[in-house]
Each structure stands twice: as structure tokens, then as C-alpha cells.
Amino acid sequence: VNKTSCDGDTFKKAMATSTKISSHGGPLLGKTKLYHKKQLDHDPSSWKNFEPLLTTDENEQFILLPNSRSVKVLAYETGNLVAVLVPSLEDDNDDVLIESACLAKHPEPDTNLEEILADHNKDALQPYRITSEVLLVGCNDGTVREFDLSSITKNKMSNGIKNGMYHLTGPCCRPRRVLTLKAGCPIKKITSPMLDMQSGIIAFCLIEVKNMNQSIVHDFHRFFLGMFDSRKAMQRFDLTEETDRLDEFSSFVGDSRKGKFVNTLPFKMTSTFSDVEAKFSPDAGAKRNVFVVVANCSGVKVHHEQIDSKGSSTKKFKQVKVSVASISAIAISPDGSNLVYGCWDGAIHILTNLFFAIAQYNLDLEAGKSPQHPLELILRRTLQHWHVNAVTALSYQDSDCVDPVLYSGGEESVLVVWQLSRGIHRPAQTVPRIAKGGISHLIATGRGSRPGILTYCEDNTFQLYQAHNLDVFWKLQGLVGCAKDSTLINDQDLILVSNPLQSAGKLHWFDPKEQRVKVQLEVIPYNRVSRGTRQKVLLPPPQITHVALSAGKDEMVTVEAVPTENALVGAKQVLQNGNEIGVVTTVKFWAKAPENAKEPYYITAAMAFPHGESNKISALTISRNGKIACTMSNDENAFRLWRRTLEGGSIDVNRRRPVWECQYKVTTPSGFSNFSTPCQGLHFSSDGTTLCIVYGHMITLWDHRSATLLKTLRHVNNELIEEVEFIDSETIRDFILTKSKTGIKVQSPYGGKGWSFTLPKDGNAVISQAQTINAEQIAIGVYFYKINKTKIICVDSSTSEPCLSSGIVAEIPCKVRNLMMVGNQLKRKSGYMTIKEKKDKTEVKPLRLFIFTEDDELLMVQNGDDSFTFGTVQPDVKRLENQAVPTIHMDINRKRELVEEELFISDEEPPTKRAAILAFMGHEEETQDSLAFPSLSGNFLRAFVSRNMSRGVKDT
């Protein structure tokens with residue numbers, strides 16, 4: 001065996017080739033930076049991702065969905081993607097990442113053609129009366145970048161641009177201005193009070209200046225952005241000396257001395273304004289009271305100052321702190337007078353006329369008086385304690401009503417409507433179970449042609465509800481997570497995704513072209529139940545633990561685990577609070593539904609507790625032709641073979657045989673009983689005659705027809721195997737690929753040929769992926785812990801040499817969970833590549849890979865000179881039939897089909913096989929081609945391995 005060591009030279013040599021990486025799916029809203037691992041379980045969902053934005057133009061509204069590398073723009077009326085806003089400019093060398101975003105009003109010139117012709121040489125700008133909306137994004141390099149949203153309607157966009165190492169496809173737009181506030185310091189929060197000003201935009205931001213372990217310091221700044229001048233070619237400005245530092249915020253993230261997790265980071269910053277009344281200022285008509293609210297879990301701080309129409313601050317007042325324990329969400333009323341906040345315990349409180357009281361309080365302080373604190377002057381209104389868990393989203397309807405409607409949402413996934421003008425403290429209406437996950441964000445709008453409520457939930461769904469009847473107008477389902485235990489299958493240009501935690505009993509077919517889920521299949525009915533208290537531990541959601549599809553996608557097998565409160569039923573599981581529950585395991589068999597059916601598959605057979613009541617299923621696989629399946633249970637220490645019956649499935653009510661039945665059960669041999677089988681430790685050979693089962697570091701080959709153990713093999717360095725797969729290529733057939741944490745091995749079941757790949761034993765790297773992608777190549781992913789990068793390289797499956805010209809070499813700046821080839825994979829139901837397929841394989845297509853990262857993002861990797869864009873791919877919906885198994889080529893007109901009887905019968909070895917056996921082993925004698933012998937069929941494998949075993953016994 002030729003052993004190759006990964007010393008980095010291979011990657012250094014291969015990385016010289018250029019690679020394009022583009023995003024084709026993932027979370028609709030990007031995730032914010034985490035400072036502590038406990039934030040994932042402790043913080044509300046609305047704190048862990050960006051907040052969606054909605055433009056206020058009544059003629060044509062857009063929805064803005066920020067993430068770290070771009071901002072997706074959706075049409076409000078349809079939910080379709082219309083543009084992508086990219087923060088980087090062409091001369092940016094490093095990746096520019098978005099940290100925050102907000103909308104602002106920018107003044108536009110109110111001029112006509114005569115004024116333009118008369119003053120075309122005039123340097124002074126014209127009076128500005130019309131305003132347009134712009135997007136301000138704060139980035140990790142300390143800059144604020146401005147996007148002109150009017151360029152979307154004017155179609156002033158390019159078709160695909162580059163942001164660092166990522167290529168973004170579709171109609172894209174770059175920022176028109178870049179302003180540096182504090183170089184190298186991330187701008188974590190940004191807001192603008194949406195003032196109609198004459199000379200520019202005023203905005204406020206929080207800049208992270210220190211990050212010392214668990215202590216984080218943010219500087220609170222105000223800056224002014226002048227009017228955009230299209231006559232200037234260079235649109236970069238340095239405002240480091242022009243920004244005003246107003247305050248400093250210190251935060252703590254981590255465990256307190258009492259062992260309780262504490263997070264005092266600001267989770268939201270918003271702003272509002274009001275007119276200065278004449279009794280407070282003689283020139284009140286030209287001034288505005290601006291209030292900036294910074295909220296964290298312990299309360300809110302309100303910054304107050306007066307600003308004139310030119311953006312200058314005329315008066316700065318002392319910040320007012322409103323100490324309220326356990327705040328989880330806030331919102332400001334449309335008239336800018338009230339502040340509503342939700343708490344961790346589910347309560348909702350309204351501070352009536354808070355901002356007016358703060359303005360009067362600050363003016364009294366300036367006048368030398370001793371006023372009362374604003375909280376002592378306002379009315380605190382408490383709504384009915386309807387939410388059981390933390391309130392994660394609050395939104396007022398931005399209409400011209402005197403008392404608009406308030407909407408709230410939380411972990412219960414219930415949209416709650418409050419009509420405050422009725423004087424009733426209970427909800428006016430509720431919409432239950434709007435999604436499989438809790439509500440993270442709400443945006444309610446009463447303007448435009450269609451008043452509605454936009455909701456974003458934890459299961460990555462974005463929906464528009466009509467305000468008048470609360471019916472769903474459109475729904476957008478994104479990629480539902482790519483966790484380590486997810487099942488990902490390439491299904492005719494759609495990707496089948498099963499996430500055990502987020503999908504909650506559903507299979508999703510995701511379309512990378514449209515970047516949304518096209519088809520759903522409910523495998524397990526699920527009634528979502530909320531917690532009675534925050535401390536109560538709920539039953540885990542039902543999980544689809546395993547999914548397997550045949551090559552033609554006509555047959556599917558699923559394994560599900562449904563928790564029950566009765567610990568005496570099913571396998572036992574211990575929750576976080578120590579309580580025991582039962583888990584019911586069921587295996588279900590599915591068949592492809594007709595094209596006009598509502599769901600893609602229909603169930604044909606099901607069996608609860610297939611391996612006994614107290615045993616779970618550890619691994620699942622199905623043969624290429626979809627007629628045989630195998631399940632393994634480490635709890636039962638046995639595997640079972642399932643076979644689709646020919647008589648099953650009849651429409652006769654009195655039929656006796658089911659569609660699928662258990663053919664036999666085999667207990668793990670005593671020599672392997674101390675080892676377990678991993679989740680991907682089962683695989684059938686290409687012709688479906690041989691079953692491969694992994695036990696620890698050992699590989700066993702079985703003749704499943706007679707339940708006979710044929711041979712055992714070992715993995716490299718005797719490491720525990722994580723994945724096993726048969727390789728079916730033109731050069732090597734029925735070779736076995738195995739992967740462990742630090743090693744890969746390709747070996748023949750007949751011995752003598754193969755290669756291995758091992759990592760140094762320094763603990764700095766681990767092999768995350770090793771998968772055959774197009775039969776001739778194997779994609780290997782190596783994750784490096786220290787630099788948090790995954791390096792992917794394609795090697796030849798027969799020689800282990802890097803495929804630098806025809807393969808893929810890429811470096812992904814995160815951990816990769818899964819990968820697969822773009823496009824339709826091999827769909828033959830049985831046997832090997834036919835002669836016709838070899839003839840048609842004259843044109844070598846560029847290789848492209850789908851990459852699934854730990855950040856739940858779907859990336860497509862391709863070579864730098866590949867001009868392919870995913871919109872040009874056409875889905876192939878043809879149903880392929882069984883193809884003939886080939887013979888060794890001498891006469892192309894003479895073929896022999898492999899029928900079902902030959903898969904399980906005929907243990908005799910014809911004399912003509914002797915030539916093929918010797919040829920495979922490398923002997924020169926009797927190496928004539930044979931017409932009667934199919935290339936390495938299952939019969940040959942059993943006969944050859946059995947002969948070797950019998951010879952080995954005689955020799956010993």
C-alpha cells in the first residue's frame with residue numbers, strides 16, 4: 001500500500017490554482033458574533049442574528065436581509081430576490097464583513113432642466129427638498145458604507161461581483177460611499193433617526209474598541225454624512241477626526257462569581273425624534289429632539305440632544321438610564337412618544353410619554369432646577385402576562401393611526417395582536433404555530449398598497465401576513481441548517497436536507513437556484529408545545545435520524561425517533577434536568593409519488609421498534625436498485641436485512657405480504673461485539689450483492705443472500721472508521737473507501753492494491769470529509785483548528801495524485817460539514833458503467849462542488865476560469881430505468897443483462913472467469929478477454945473471496 005503523508009506541500013502546490021466560491025443558500029438573516037459559547041443556549045434568538053429592515057417608500061417597498069457578506073433585497077409584494085448589496089469596493093484587498101445595518105433619509109436636489117443648464121458650472125449645491133432612502137452598513141474594518149436604494153429601481157447594477165474570496169451572483173450593487181470612522185474597530189450597532197434634513201444624514205453608532213476576555217468596551221459616536229456628490233470620482237472619506245465621541249459602554253459576557261451566565265452586551269440600538277416645542281426654544285421650528293436608545297438585559301440608556309436642520313448639535317444633555325431587569329426586546333411607537341419592552345418572563349410593559357418626560361427632565365436640569373426622574377412622571381402600563389417565555393420580538397404598526405396596533409412574538413411561535421386603544425390588557429387576536437421555531441423578528445407596516453406583518457422564525461422561515469385578516473400572503477423557507485447530524489443528498493438539482501433539530505419531522509428539498517425550499521415532506525406529525533416556565537425542560541422534538549435513497553430516487557427509507565414522556569416505552573433518554581423519557585424508533589419505507597401528487601413520496605410500509613423496543617437504529621443504507629435495505633443497531637448488537645417483495649403493494653385488500661419485510665437478523669460476530677458501527681458505516685456494492693459493515697477499525701464484507709461473512713479488512717493505523725463507501729470508476733471497481741479522523745484508505749477487497757492518506761499526529765488538523773464525487777475523484781477536506789480553515793483538494797481515486805487540472809482546490813474560512821458534487825450524480829440502479837455511457841463520456845465537464853459549512857451556509861466551489869453560473873443549470877426530471885450490466889468489451893453488440901435471479905443465485909464459478917481473475921491480480925498468463933464474464937460482478941466477488949479464504953485455510 002502506498003502511504004502518503006499530509007505535510008502541507010500538496011496544498012501549497014495546489015493552492016496556486018484560482019478558485020471561485022459563491023453562496024447559494026443558508027440563513028436568510030446572518031448570525032452575529034458570539035463572545036461566549038453559552039450565548040447559543042442562553043440568549044434569545046433575536047439577539048443572535050441580524051434584524052431585517054423594511055423601506056418606507058409607499059410606491060415600491062423592499063425587504064433588506066443583512067448577513068456578514070451581503071444584504072439581500074426582496075420585493076415586498078412577492079418575496080422574490082431582486083438585488084444583492086455587496087459592501088466591498090473593487091480596490092478592497094481583504095474581506096469586508098457587515099456588523100450592523102440601518103436605513104436613513106438622504107436629501108436629493110429638487111431641480112429642473114432649466115436650472116441644470118443654467119447652473120451646470122456652479123459649485124454650490126442646489127436646495128435639497130426631496131428625500132430618498134439609503135442603507136448604511138457598519139463593517140468590521142471600522143467603516144460605514146452607504147448604498148443608494150434607488151439604483152435597484154433604476155437597474156443600475158452589475159451581474160455578479162466579487163467580495164473578497166467570495167463571488168456573488170445575480171444583480172449586485174456596490175456602495176457609493178465609504179466613510180472611515182475608526183480604522184480596524186468593528187461597528188457593532190448603527191442607527192439613524194430618519195430626519196428630513198437639508199444637507200445630509202446624521203447617524204449614531206457603537207464601535208467596539210476593546211475585547212479583553214469577557215469584558216467588551218464600546219464607544220458611542222455621532223457622525224454626520226454630507227450630501228452625495230456624483231461629480232466626485234473618489235467616494236472614500238476619513239471621518240476619524242470629525243466624529244463626536246459621546247459616551248462609553250462596558251459590557252460583560254461570561255459566568256459570574258455565582259456561576260450564573262451573564263450577558264450585558266447591547267442587543268439593540270434604535271432612535272426617534274420629535275419637534276422642539278416653542279416654549280422650550282425661540283427658534284423651535286428649526287430644531288429636533290433626537291433620542292437614541294441603547295438596550296441591554298439590565299435596562300436602557302437614552303441619549304438626548306437637539307439638532308438643527310443642518311445636522312449640527314445645538315444642545316447635548318445627560319444620558320438617562322432606565323433600569324429594568326431582564327429586558328429581552330424593545331420597540332418605539334410610531335409617534336416617538338412611548339417605549340415598549342418585553343421581558344424574559346414573558347411580560348410586556350409600556351412606558352407612556354417617556355421621551356417627552358426625558359426632554360422636560362433635561363431642560364429642567366439645564367435651567368438649574370431639581371426635577372424628578374422621568375420614571376416618576378410617566379405612566380407604566382402592563383399588558384396581560386400572555387407569553388410564557390421570553391418576548392423576542394415587538395413591533396408597532398407604522399400607520400397614521402392615533403393608537404396603532406402592537407404585535408409581539410416569542411418562543412411559543414404565536415403571533416399576538418394587541419389593540420391598545422381598546423383599553424383591554426389581553427390580546428385582541430392570536431395566530432398560533434406560524435412556524436416550527438420560535439419568532440425572532442417582527443416588522444409591522446400599515447403603509448403602502450398591502451399593510452402586513454413580516455415574521456422571521458428560528459426555522460429560517462420568512463412570511464408576510466396580511467394585516468386585515470392575518471392570512472399568509474407569501475412564505476419563504478430557507479436552508480434549514482446543516483448541522484453535523486444532517487442528512488444531505490443531491491436529488492436532481494435539488495438538495496434533500498434532514499436536520500434532526502430544526503426540521504422537526506420534515507424533509508426539505510432545497511433549490512440552490514432560487515435559494516429556497518421548493519418541496520416539503522412531513523415524515524413525523526409534530527405538535528409544537530411551549531414551556532410552562534423558562535426552567536422547564538421540554539421534550540425534544542421528533543427527529544429524522546437517518547435517510548437513504550436509491551440511485552434512481554424511486555425508493556426512500558427513513559428512520560425516526562419520537563420522544564414520549566412514558567419512560568417505560570422505547571429506549572431510555574435522560575434530559576438536562578435528570579428526568580428520563582422514552583424514545584420510539586420507527587423505520588418507514590417510501591415510494592416515489594406521481595408527478596401530479598402534492599407530496600414527492602408516499603409511505604408503503606412502516607415498523608415500530610424494528611430492533612426491539614429498547615434499541616435505537618445506528619446506521620442505515622439501501623442498495624442502488626432500491627430493493628434491499630439494511631439497518632444496524634449498536635444497542636441490539638445486530639443488523640437486519642430488509643427486502644422489497646414482488647407481491648407486496650398490491651391493491652388487493654386481502655393481500656398477505658407487505659411491501660417490505662425483514663428477511664433475517666444477524667447478531668454481531670463475537671470478535672466485533674466490542675466495537676460499534678458509525679452512522680455511515682453501512683454500504684452496498686454497486687451491483688447490490690455485497691454488503692459492507694464497519695465495526696470499529698474493521699471492515700467486514702457479507703454475502704447478504706446467504707448471510708455469510710466473506711472477508712475482513714483493516715483501516716489505516718487501526719483508527720475507528722467514521723465512513724465507508726464502495727468506489728465505482730472506470731479504473732477501479734468495488735474498491736472500498738474508509739475515513740477516520742486522521743486517515744483515509746482505499747483498498748481492494750481482494751488485497752494487494754490501494755493507497756492511504758494520513759495526517760501528522762500533532763492534533764492540529766482532522767479529516768472532515770472524504771467522499772467520491774464523480775467516481776474518478778475523491779474530495780478530501782482537512783480542517784485546521786488553529787486557523788479555523790478547511791482545505792479541500794481532489795485526488796485521483798486510483799493513484800491518490802492531486803487532480804490540479806480537472807479537480808477542485810479550495811480553502812474555506814470555517815469548518816465544513818458536508819460536500820457533494822453539483823449536478824446530477826450517477827443514477828444507474830444496478831451494475832457498472834455501460835459501453836454507451838463510456839462513449840458518451842467524451843466531453844469532460846468542469847468539476848463543481850457544493851460545500852456545507854458549520855455556519856449553515858451552502859457554498860459552490862468551482863475553478864477560477866469556470867464561467868458557469870447556477871442559473872444556467874436545467875433540472876433533469878426524467879425517470880431513468882434499469883440499465884444493463886456490461887461485459888468486458890470485445891464485441892459491443894454482445895451484452896448480457898443482470899437479472900434479479902443472478903443477484904442472489906448461482907454460486908458456481910464458470911471456468912472463463914479464470915482469465916479475468918488473473919488479469920486483475922496482474923498475472924501475465926491466460927490474460928485473454930472474456931465475453932461471458934461481467935466486470936467484477938457480485939458473483940465474482942463472492943466466488944473469488946471464498947476461493948482465497950479456502951486457500952488460506954489449506955496453507956495454514
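Student: What share of the contacts in the chain with a separation of 6 or more comes from residues 24 or more positions apart?

Tutor: This is a predicted model, and the contacts are those of the predicted coordinates. Taking the contacts with a separation of 6 or more, we ask what part joins residues 24 or more positions apart. That part is 58%.

Student: Is Ala101 buried or exposed?

Tutor: A residue is buried under 20% relative accessible area. The relative accessibility of Ala101 is 18%, so Ala101 counts as buried.

Student: What percentage of the 956 residues in the chain is buried?

Tutor: The secondary structure of the chain comes to 9 helices and 63 strands. The chain exposes about 42,400 Å², with carbon and sulfur atoms supplying 48% of that area. Of its 956 residues, the buried ones make up 55%.

Student: How many contacts beyond near neighbours in sequence does the stretch 872-937 have in the model?

Tutor: The mean pLDDT of the chain is 79, and 78% of its residues reach 70 or more. Over residues 112-117 the pLDDT is below 50, and that stretch has 2 contacts beyond near neighbours in sequence. Where pLDDT is low, the predicted coordinates should not be read in detail. Residues 872-937 also have pLDDT below 50, and their count of such contacts in the model is 111.

Notes. Residues are numbered from 1 along each chain as its sequence is written. This is a predicted model: local features need pLDDT of at least 70, side-chain atom pairs count only at pLDDT 80 or more; totals for chains, interfaces and linings use all residues. Side-chain values use heavy atoms; hydrogens and water are left out. Buried means under 20% relative accessible area, exposed over 50%, partly exposed in between (1.4 Å probe, protein chains only). pLDDT is the predictor's confidence in each residue, from 0 to 100. Contact means heavy atoms within 4.5 Å. Helices (H or I, at least four residues) and strands (E, at least two) are DSSP runs, numbered from the N terminus. Accessible areas come from the Shrake-Rupley method with a 1.4 Å probe; for residues, only the protein chains shown count as cover.
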